[in-house]
Amino acid sequence: MPEGVCLRAFLRLSATITLVVFEWLNMSLFSCPAREAVTDRIVLDNPCLISDLHLSAEESFHAECFERFLNTKAKDYRELVILGDFFDYWVGDDAIGTVQHIVDALKTYAKTHKVFVMHGNRDFMLGNRFAQTCGATLLADPCVATVGNETVLLSHGDIWCTHDPDYQTVRNRVRSFWWQWLILRLPLTKRLSIARNAREKSKKKKTQKEAYKMDVAQEAIDSAIRSFSASSIIHGHTHKPGTYSLPDSDCVRIVLPDWRFGENSHLEAGFLARDNGAWSLSRFV
Ligand SMILES: [Mn+2]
């Protein structure tokens, strides 16, 4: 074989291998959302916090309410912090178009305010592409926030549901690099059907599970407070909004309200904000 042909074939093969390696690196580096939430310390000046909105492409009522919230109450604060389960499910940032109006609303708000988003147990696949498109910062769970002279520990909350070891095993698995890398290689339609099935299964499981397993464990909260020297702890997930004092300490644990349909199918939505140096939970509708 002439030397020139050999060299061309060698160069072509090298170029192909290089492209494959680069593509693999890009995909593995940029499509593991669990690794993309690296911000674990923030400073907040005048924040409002929400969680557990469970927005989805199928149901528009919650999304309309959220857009109204952004255009009214949320405007009074400098920062919006979303502590997980913003979406009812998220199968990858390539599905961003299915909730374009929500993304657009957040993007407009983020032009004049800071937006922080933490993963929940429903939308743990939210990645950098979503965050960059919205102008938001992805937060690690837990994340330490300095608010005035207070150290506040922020979390979605499910990390502290340690009375349910089976749940924690699944939680760790779905946040692992390889699980996320592999899932994101599946076609979008397949991922959507897996998410919808998982949602149905989780609804069934919830009705069978003991209540204490779905709440945070006091030992886990105490240990987190100690390790981060926090003076307050704020989380969502348990759908038990309120301010809870912690035994043998001056710390408080504040649970954010989920946005749910209450009596007569009215949507009940709420948020936590810092007004005049004190935290207060308020109803939005
Ligand atoms: Mn949750």
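Reader: How many residues stand between β12 and β13 in their hairpin, and which residue in the turn has a positive phi?

Author: Helices (H or I, at least four residues) and strands (E, at least two) are DSSP runs, numbered from the N terminus. Two strands pair if DSSP finds at least two bridges between them. Here the hairpin of β12 and β13 has two residues between its strands, and N276 in the turn has a positive phi of about 50 degrees. Strand β12 (residues 270-275) and strand β13 (residues 278-283) run antiparallel and are joined by six bridges. In β13, R283 stands opposite G270.

Reader: What kind of model is this, and how are residues numbered?

Author: This is a predicted model, in which local features need pLDDT of at least 70 and side-chain atom pairs count only at pLDDT 80 or more, while totals for chains, interfaces and linings use all residues. Residues are numbered from 1 along each chain as its sequence is written.

Reader: Which other strand is joined to β12, and by how many bridges?

Author: Strand β2 (residues 47-50) runs antiparallel to β12, and two bridges join them. C48 has A273 in β12 as its bridge partner.

Reader: How many helices and strands does the whole chain have?

Author: The protein chain has nine helices and 13 strands. Its C-alpha atoms fill a box of roughly 80 × 40 × 40 Å along the principal axes.

Reader: At what angle do α3 and α4 pack?

Author: Axes are lines fitted to C-alpha atoms, for helices over the stretch in contact, and angles run from 0 to 180 degrees between N-to-C directions. Angles under 35 degrees count as roughly parallel, over 145 as roughly antiparallel, 65 to 115 as roughly perpendicular and the rest as oblique. Helix α3 (residues 61-71) and helix α4 (residues 100-110) pack at about 10 degrees, with axes 10 Å apart. The pair is therefore roughly parallel.

Reader: Which residues meet where α3 packs on α4?

Author: Two residues are in contact if their C-beta atoms, placed from the backbone, lie within 7 Å. From α3 come A63, F66, E67 and L70, which meet H101, I102, A105 and Y109 of α4. These divide into six nonpolar, one polar and one charged; Ala, Val, Leu, Ile, Met, Phe, Trp, Tyr, Cys and Pro count as nonpolar, Asp, Glu, Lys and Arg as charged, and the others, Gly among them, as polar.

Reader: How many residues does the largest nonpolar core have?

Author: In soluble globular proteins, nonpolar side chains tend to be buried together. A nonpolar core is a set of buried Ala, Val, Leu, Ile, Met, Phe, Trp, Tyr and Cys residues joined through C-beta atoms within 7 Å. The largest one has 55 residues, and L139, L154 and I234 are among those with the most contacts inside it. Strand β5 (residues 136-147) gives the largest share, six residues. Among the residues that L154 touches are L139, P142 and I234. P142 lies in β5, and a cis peptide bond with omega of about 5 degrees joins D141 to P142.

Reader: Is H237 buried or exposed?

Author: A residue is buried if 20 or more other C-beta atoms lie within 10 Å of its own, exposed if 12 or fewer, and partly exposed in between, with C-beta atoms placed from the backbone. H237 counts as buried because it has 26 C-beta neighbours inside 10 Å. Its phi is near 75 degrees, a positive value in a residue other than glycine. H54, with phi near 55 degrees, counts as partly exposed because it has 19 such neighbours inside 10 Å.

Conventions: Lists of a residue's contacts leave out its neighbours within four places in sequence.
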